[in-house]
Amino acid sequence: MYKFTEEQLMIRDMVREFTANEIEPRDRAMDENGFDWDLIPKLVDAGLMAIHMPEEYGGGGGDTITSEIVINEIAKGSASIALFLDAHWLAADMILLHGTEEQKKKYVPLCAEGKVFAFGLTESNAGSDAAAIKSVAEKQPDGSYILNGGKAWITNSGIADYYLIMAKTDPTAGNKGISVFIVPKEAEGLTVGKFEKKMGMRGSGTCELSFDNIKLPADALVGPEGRGFMIAMQALDGARISIGAIASGLMQHAMDKAIKYAKERVTFGKPIYKHQAVGFKFADMAAKIRATDLMIWDTCAMKDSGVRFSTEAAELKLLASRWACEVCDDCIQIHGGNGYSREFDVERFYRDAKLLEIGEGTSEILRMVISGAVIGR
Ligand code: CAA
């Protein structure tokens with residue numbers, strides 16, 4: 001049995017209440033209208049924007065488990081807002097882990113204060129093959145850089161205050177020629193496109209970015225020049241745990257709705273959960289949620305202990321994202337015709353779940369990571 005500390009339990013209960021009061025009631029409207037900006041000050045007041053970041057930089061001082069408890073609880077009310085937080089941390093953690101002391105002092109406190117960060121790796125022609133990106137940051141004689149190119153499918157774009165952009169500083173060096181830069185939303189030459197009309201996760205912002213001769217100072221570089229690919233891959237390992245935590249929360253959210261419905265809906269003289277065909281679906285759902293949870297907390301513990309967890313995070317995301325699609329599908333089936341209607345929420349959960357098999361490493365990429373590790377062992 002995985003035991004949370006007293007403090008983690010307190011945070012879990014606080015976030016559960018916050019989600020029920022502030023997040024879950026907005027999820028359906030965000031599906032129609034997009035991200036709800038009112039949530040940012042509320043997340044700041046609840047101390048959630050930087051809960052796992054060190055107190056010396058204005059964070060909450062929590063560990064990885066605490067941060068994933070937060071993501072998991074929020075996903076029980078809105079997968080989109082859990083994704084928003086995941087992408088914010090994916091980007092900001094690169095500064096925390098690889099930035100200079102000056103960068104940490106400047107940017108990390110901003111996270112706690114409600115400035116939003118976004119992670120910019122994917123381009124319209126380079127998603128899974130991340131080393132094939134074409135954006136270029138050309139070093140100038142004075143040490144500054146000129147950034148050109150663009151990005152696509154960037155979660156939190158259009159909302160973010162700061163973008164952590166991966167670009168080639170040496171286009172001849174493959175993955176060893178990629179570096180990471182902090183680009184503020186006001187940067188001259190940065191254009192943020194229209195919000196994408198997405199199938200799901202519609203409460204999170206996703207736009208295209210284009211870079212036209214953006215001048216970046218030398219201290220916009222995060223980590224050593226040429227290490228950007230490795231920094232991004234490590235960051236994605238952590239974010240894949242968050243996708244597992246979102247999947248678990250989303251499954252729970254869908255199952256709770258379906259249980260309520262199955263108790264109310266009567267067919268052939270009894271509530272439908274009493275028909276084995278329906279009741280057994282809940283058994284499968286519960287087993288999938290528990291297995292996901294165990295993988296989440298175990299992989300978090302690996303991360304906090306400092307061992308490499310790339311394979312385990314990939315395994316977690318691979319299974320959890322598939323199970324989330326299966327559970328949400330079952331929940332629609334339990335609702336019958338009503339499940340196909342926007343009024344009953346579960347169709348939204350199904351649309352949200354599908355993103356989990358694509359974003360932050362498709363299932364096919366995860367299988368490459370896992371099979372490479374297993375066969376190599
Ligand atoms: N941790 C540390 N190092 C790693 C690593 C990891 N997780 N993964 C790879 N590396 C290292 C390798 O050890 C290797 O180092 P050496 O060259 O010194 O041996 C180097 O990086 C290159 O690795 P590969 O040879 O495996 O690289 P590759 O080009 O074959 O690609 C890949 C590997 C796993 C397929 C990678 O391209 C990948 O993960 N692709 C998916 C990218 C992805 O998840 N994109 C989604 C981004 S999310 C987004 O942009 C939207 C958003 O808003 C969040």
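The model is predicted, so local features require pLDDT of at least 70 and side-chain atom pairs count only at pLDDT 80 or more, whereas totals for chains, interfaces and linings use all residues. Residues are numbered from 1 along each chain as its sequence is written, and side-chain values use heavy atoms, with hydrogens and water left out.

**The ligand**

The shell comprises 26 residues, with Thr122, Ser128, Thr155, Lys176 and Asp237 the closest. By class, 13 are nonpolar, eight polar and five charged; here Ala, Val, Leu, Ile, Met, Phe, Trp, Tyr, Cys and Pro count as nonpolar, Asp, Glu, Lys and Arg as charged, and the others, Gly among them, as polar.

Next, colour by secondary structure (DSSP runs numbered from the N terminus: helices are H or I of at least four residues, strands E of at least two). At least two shell residues come from each of β3 (145-155), α6 (228-264) and α10 (363-376). Helix α6 gives the most, with seven residues.

Now display the polar contacts (pairs of N or O atoms within 3.5 Å; within protein, one must be able to donate a hydrogen and the other to accept it, and residues adjacent in sequence count only if both atoms are side-chain atoms).

- Thr122: a side-chain N or O atom is 2.8 Å from a ligand oxygen.
- Asp237: a side-chain N or O atom is 2.8 Å from a ligand nitrogen.
- Arg240: a polar side-chain atom is 2.9 Å from a ligand oxygen.

**Lys139**

Move to strand β2 (residues 136-139), where Lys139 is found. Beyond its neighbours within four places in sequence, Lys139 is in contact (heavy atoms within 4.5 Å) with Ser144, Tyr145 and Glu225. The side chains of Lys139 and Glu225 make a polar contact at 3.3 Å. Asp212 lies 73 residues from Lys139 along the chain, and their C-alpha atoms are separated by 15 Å.

**Helix α1**

Finally, select helix α1 (residues 6-33), which gives four residues, the most of any contributor, to the lining of the second largest pocket.

How values were computed:
A residue is near a molecule or strand if one of its heavy atoms lies within 4 Å of it.
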